[in-house]
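Please read these notes with the model open beside them. They go through a few local features in turn.

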Amino acid sequence: MSASDILSLELVLLAALLPAADSAEATQEHIQFHVIQISSFANHSWAQHQGSGWLGDVQTHGWDSESGTIIFLHSWSKGNFSDEELIDLELLFRVYFIGLTRETEEYASQLHFGYPFEVQMTAGCELHSSDIAKVFLEAAYEGSDFLSFQNMSWVPAPEGDSRAQSACDLINQYEGIKEIVHKLLTNTCPRFALGLFDASKVDYKRQVRPEAWLSTGPSPGPGRLLLVCHVSGFYPKPVWVMWMRGEQEQQGTQQGDVLPHADGTWYLRVTLDVEAEEAAGLSCRVRHSSLGNQDIILYWGHHLSLYLILLAVIVPLMLLIVLALWFKKRCSYQDIP
């Protein structure tokens with residue numbers, strides 16, 4: 001029996017361990033769960049596999065390649081699956097990575113894969129209500145689309161070359177593997193996604209209002225200003241921030257990366273390079289789901305006026321305090337006989 005036959009047999013046996021579908025309470029939410037795999041092959045004897053699971057844009061799982069175990073990143077990352085079900089899936093992934101390494105080493109030369117090379121894969125499901133809207137499994141070779149799983153069959157990507165067709169011809173021989181992939185996508189993934197979403201509702205559906213403030217960055221040049229709009233502490237991640245003049249969006253607006261805070265909220269920095277005399281009348285507008293229809297609008301120059309107001313209040317107050325202390329001290333000296 002070949003290595004491929006052994007792998008197929010192992011997977012067929014594991015398929016029996018996968019739980020059957022059960023009913024789930026319908027929800028009107030759009031839910032997507034997917035896993036990402038990155039496999040690096042340095043030579044015939046060295047390979048490394050990285051894996052992660054995502055509910056929407058929230059990472060929920062990792063993969064410990066050393067121990068061959070799932071990493072649960074949140075208290076709710078097990079969803080409504082039992083420990084036994086998760087152990088079965090963990091074993092399935094472990095066998096998959098072992099088999100992938102073995103098969104790749106055996107067929108790399110036949111498929112003309114030149115070491116070192118990298119394979120990327122994403123697979124998952126999208127749901128609307130309790131119905132499956134889409135399932136997908138796509139693989140790439142060295143960053144280019146290579147093959148996908150469609151209608152119980154592996155098909156080469158349109159831009160794939162003869163190697164993609166050869167790889168599909170090879171994998172399509174194993175009916176047991178195709179049945180397991182189909183069951184994982186159409187049965188296990190939707191059940192897990194629904195359970196995970198339900199378990200994560202407190203965190204996944206939370207809304208945290210952003211804070212926003214304005215500043216200037218390093219001068220872009222003589223007579224120019226770099227206006228900076230900071231938006232911080234918001235959740236969930238999607239946010240819209242734009243420099244405006246009245247109701248007109250400023251096309252020179254530059255958005256940085258949305259960066260994470262340690263508490264799970266996000267930060268964004270949005271800039272605009274303008275002539276100094278054109279800064280007056282500009283504003284930064286922030287839209288976020290936590291704000292409803294009440295956008296945050298910060299007008300350039302108003303924050304400077306606020307600083308001046310605070311300065312105008314604080315300086316006289318400090319002078320009064322100093323004078324009061326001096327007067328009290330002077331009176332105490334005069335009372336001494």
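1. In helix H3 (residues 162-171), Ala164, Ala167, Cys168 and Leu170 are buried, that is, under 20% relative accessible area with a 1.4 Å probe and protein chains only. They sit on the same side of H3, because they cover an arc of only 160 degrees around the axis; the arc is taken from the directions from the helix axis to the C-beta atoms. Helices (H or I, at least four residues) and strands (E, at least two) are DSSP runs, numbered from the N terminus.

2. This is a predicted model: local features need pLDDT of at least 70, side-chain atom pairs count only at pLDDT 80 or more, and totals for chains, interfaces and linings use all residues. Residues are numbered from 1 along each chain as its sequence is written, and side-chain values use heavy atoms, with hydrogens and water left out.

3. The buried residues of H3 pack against helix H2 (83-107), strand S7 (144-150) and strand S8 (153-156), contact being heavy atoms within 4.5 Å.

4. Met152, in the loop between S7 and S8, has a positive phi of about 65 degrees although it is not a glycine. Met152 is partly exposed, at 30% relative accessible area; partly exposed lies between buried and exposed, the latter being over 50%.

5. His112 is in the loop between H2 and S5 and also is a non-glycine residue with positive phi, about 60 degrees. His112 is exposed, at 60%.

6. Pro116 belongs to the loop between H2 and strand S5 (117-128), and a cis peptide bond with omega of about -10 degrees joins Tyr115 to Pro116. Most peptide bonds are trans.
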